[in-house]
Structures are given as structure tokens and as C-alpha cells.
Amino acid sequence: MNRGRSSILFSATFLPIQYYKGLLGGEKEDYEVYAQSVFQPHKRALLVADDVTSKYTRRSEEEFFTIARYIEEIVKNRNGNYMVFCPSYAFLQNIYDIYMEHFAKEGRECMIQQDYMDEQAREAFLESFQEEQDHVLIGFC
């Protein structure tokens, strides 16, 4: 990073920021921006399953199935918008395929973020989640 004029890094995982700035070659006085979440706190849930992982060495059909089953457990009782974020497009495709094969049913609308979406396609994808749903809408991202 020291070879360029600037770097823009964004992720919720870059905390504590000073640690990552040092690790990635930034200086203590370099500019930082902390953005507020766009998700309403009362509509946000943090659920942790300690028996599954996205670790590369543990990726298997069984692991993907368990993750897809957990997604179903979360969405089956309440209509609305859901987004599932995956660490890679290959991981996303595995989870999506298994979810569609074993859990998708009437009353479930599943959308997948494509690997290379232009600005118009991205906007259309995100606009789908602007309204409250009378069914389950799951975006796999």
C-alpha cells in the first residue's frame, strides 16, 4: 500500500482499525471513516452457529447443507427480506444450490447476486429489498 497514493479499504472486519492500518502499511495519522450501518437495529439479529464454518478445509456438501438448513430455520417463521452474505462466489453458489434443491418452496423468492453485475443490475437487485414483503425474499450475496 505504501507504493500507491491512496487506498480505500472497507469492511466491518477492519476493526480495530489501528491494528489493520499498521498491518496493511497505513500510518496512524491516515484518514479514517466510520460509517453507520444502514440496517435498523431493531430489525437486525446476530445469530452464531458454532458447528459450521466457511473455512476452506471444511467445505463439503454436508457443511453447505447444514448452513442452508440454518438459513431455512431463520426464514421459515417470518415473512420479510433476508440477505445471506458469503465469503466467496463459489461458496455462495454451493449454499444457493443446496437451498434451492432442499428448502425453496412456495412463498419463498430467492435471488442470487451474479458474479459480475453492472450498476443497473445491482440497483435492481437492491431495490427488490426496499419494500416489506408478504412472503420471504432471500438475497444470496
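Trainee: Before that, what sort of model is it, and how are residues numbered?
Mentor: It is a predicted model, where local features need pLDDT of at least 70, side-chain atom pairs count only at pLDDT 80 or more, and totals for chains, interfaces and linings use all residues. Residues are numbered from 1 along each chain as its sequence is written, and side-chain values use heavy atoms, with hydrogens and water left out.

Trainee: Great. How many helices and strands does the protein have?
Mentor: There are 4 helices and 3 strands, and from the N terminus the order is α-α-β-α-β-α-β. Both kinds are DSSP runs numbered from the N terminus: helices are H or I with at least four residues, strands are E with at least two.

Trainee: How do the strands line up in the sheet?
Mentor: The sheet is open, its order is E1-E3-E2, and the pairing is parallel. Strand E1 (80-84) and strand E2 (108-112) are the edge strands, each pairing on one side only. Neighbouring strands are turned by 20 degrees against each other on average, direction ignored. Two strands pair if DSSP finds at least two bridges between them.

Trainee: And how many bridges join E2 and E3?
Mentor: E2 and strand E3 (residues 136-140) pair over 5 bridges. In that pairing, Ile 112 stands opposite Phe 140 in E3.

Trainee: Which strands does helix H2 lie across?
Mentor: Helix H2 (residues 61-75) lies across E1, E2 and E3, at about 145 degrees to E3. Helix H3 (residues 89-102) lies across E2 and E3, running at about 160 degrees to E2. Axes are lines fitted to C-alpha atoms, for helices over the stretch in contact (heavy atoms within 4.5 Å). Angles run from 0 to 180 degrees between N-to-C directions.

Trainee: Switching topic: is Val 38 buried or exposed?
Mentor: Val 38 is exposed, with a relative accessible area of 72%. Exposed means over 50%, buried under 20%, and partly exposed in between (1.4 Å probe, protein chains only).

Trainee: Where does Val 38 sit?
Mentor: Val 38 is in the loop between helix H1 (17-23) and H2. Val 38 and Lys 55 are 17 residues apart in sequence and 28 Å apart in space, C-alpha to C-alpha.

Trainee: Last one: what share of the protein counts as buried?
Mentor: Of its 141 residues, 26% count as buried. The C-alpha atoms fill a box of roughly 55 × 35 × 30 Å along the principal axes.
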